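This briefing looks at a few individual residues and their surroundings. Please keep the sequence and the 3D view at hand while reading.

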Amino acid sequence: MLLCLSANHKSASFDVLEKLSAGGSGIGERIVADNDSVSGAVVVATCNRFEAYLDVDDAAMANLPETARHVVDSIAESMEIPAAVLECSIESYGGDDVVQHLFAVSSGLKSVVIGEDEISGQVRRSLVDARTQGIATSSLERLFQRASTTSRGVKSRTAIGYAGRSVVKLALQLASSRISDWSATPVLLIGTGAYAATTVAALRDRGVRDITVFSPSGRAARFATRLGLVATNELSTALAAASVVVTCTSQPTPVVTADLLTAGSRRLIVDLGLPRNVDPAVAEILGVELLDLETIRLHAPLEELTATSDAHEMVLDAAAEFRALEAERRAAPAISALRGAAFEILEREIERTRRRGTWSESAEADMRHLIGVLLHVPSERARATARSGEAEQVFQAVETLLGPIADARAESEMSALEDDRPA
């Protein structure tokens with residue numbers, strides 16, 4: 001069964017999200033280790049969202065509030081956040097609600113900027129991280145793979161995908177009111193990750209020509225060569241030369257501090273990092289204007305109603321289809337038992353015709369075709385019944401016809417157990 005714990009820009013303060021982001025690495029492994037009822041975890045940590053998607057046993061799902069509280073306590077202890085504070089910042093989803101929630105998140109429908117570009121890639125990378133850590137179960141694999149498929153469909157088939165919106169682009173849009181000519185503006189980029197590459201593209205879309213890059217981890221030269229930028233190892237010198245500074249690193253402590261800046265010269269600093277890349281004290285320096293994620297979040301535009309409505313419809317349809325497929329998969333052993341019993345009778349009849357000397361290839365082909373025709377409607381009805389959420393009725397119907405099918409039930413249970421194991 002699936003459980004999601006979500007702290008996001010609507011439910012949690014910026015300070016709580018910052019702490020969760022800073023301690024996000026390895027938290028999935030900690031959750032699995034600390035909670036016997038949790039067999040797998042995928043953690044999605046972005047600048048405005050921290051979510052733990054968990055594969056939990058049926059007993060734990062029967063008491064969802066208690067299960068959620070135990071996991072929240074694990075996270076709170078690991079992140080050094082008061083449990084009471086974290087509990088007030090967490091929203092929980094269970095069962096089928098998890099599917100719809102993740103599909104909406106991955107499609108950018110629950111982001112600060114509706115339809116943002118970056119979130120789908122962050123969701124995919126979260127699954128890769130869980131695989132690397134050995135905590136991605138089969139259920140979580142199927143869930144996240146289908147979420148990626150859904151987000152691609154939403155972006156390609158609705159107007160939300162055409163705008164190419166992102167937090168980076170919103171930040172630069174807000175900054176444009178302070179910049180008269182982007183093409184003549186020297187920009188310093190601090191960071192060399194995937195978000196930094198997105199930032200470079202957004203800056204060039206604005207007409208920026210002069211981009212210098214600094215990397216706290218020493219990767220500036222390689223990044224600059226790949227994207228045609230100028231690299232620097234002297235942060236204070238680069239800060240003095242830049243009119244606009246954009247930061248987007250994953251460093252746990254601020255990279256830009258007040259002692260690196262001089263007062264007087266006008267400078268706009270856009271901090272896209274979480275945890276913060278820029279010490280808030282920088283905003284007190286004369287001539288420096290600081291635009292951080294908390295400020296950007298307050299200026300997020302309203303949803304484009306038509307595009308968002310279409311996208312939500314696609315997410316609802318995709319979630320319903322995923323739930324139906326999962327239910328059908330659980331009933332597959334019962335359907336296989338029914339078909340197996342029929343074909344076992346067929347094989348006996350074919351063998352009997354051979355012993356009588358009346359066998360022929362055409363007769364055998366006709367018999368196999370007949371069995372296939374006879375099984376088609378019952379099999380399709382069984383699948384439809386399972387897809388509607390009544391898989392147990394399929395088992396009961398087959399057992400009414402064949403007697404106990406312990407092997408099939410065991411196979412179904414084993415499938416569920418396999419889902420609880422890392423893929």
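Predicted model: local features only at pLDDT ≥ 70, side-chain atom pairs only at ≥ 80, totals over all residues.

Residues are numbered from 1 along each chain as its sequence is written, and side-chain values use heavy atoms, with hydrogens and water left out.

**Arg-49**

- Arg-49 is in strand β3, residues 49-56; helices (H or I, at least four residues) and strands (E, at least two) are DSSP runs, numbered from the N terminus.
- Arg-49 counts as buried because its relative accessible area is 5%, where buried means under 20%, exposed over 50% and partly exposed in between (1.4 Å probe, protein chains only).
- The side chains of Arg-49 and Glu-51 form a polar contact of 2.7 Å. Such a contact is a pair of N or O atoms within 3.5 Å; within protein, one must be able to donate a hydrogen and the other to accept it, and residues adjacent in sequence count only if both atoms are side-chain atoms.
- A polar atom of the Arg-49 side chain lies 2.4 Å from the backbone oxygen of Lys-110.
- Leaving out residues up to four places away in sequence, Arg-49 touches (heavy atoms within 4.5 Å) several residues, including His-9, Leu-17, His-101 and Ser-111.

**Glu-80**

- Glu-80 lies in the loop between α4 (64-79) and α5 (83-89).
- Glu-80 counts as exposed because its relative accessibility is 69%.
- The phi angle of Glu-80 is near 60°, a positive value in a residue other than glycine.

**Pro-275**

- Leu-274 and Pro-275 are joined by a cis peptide bond, with omega about 5°.
- Pro-275 is in the loop between β9 (267-271) and β10 (288-292).
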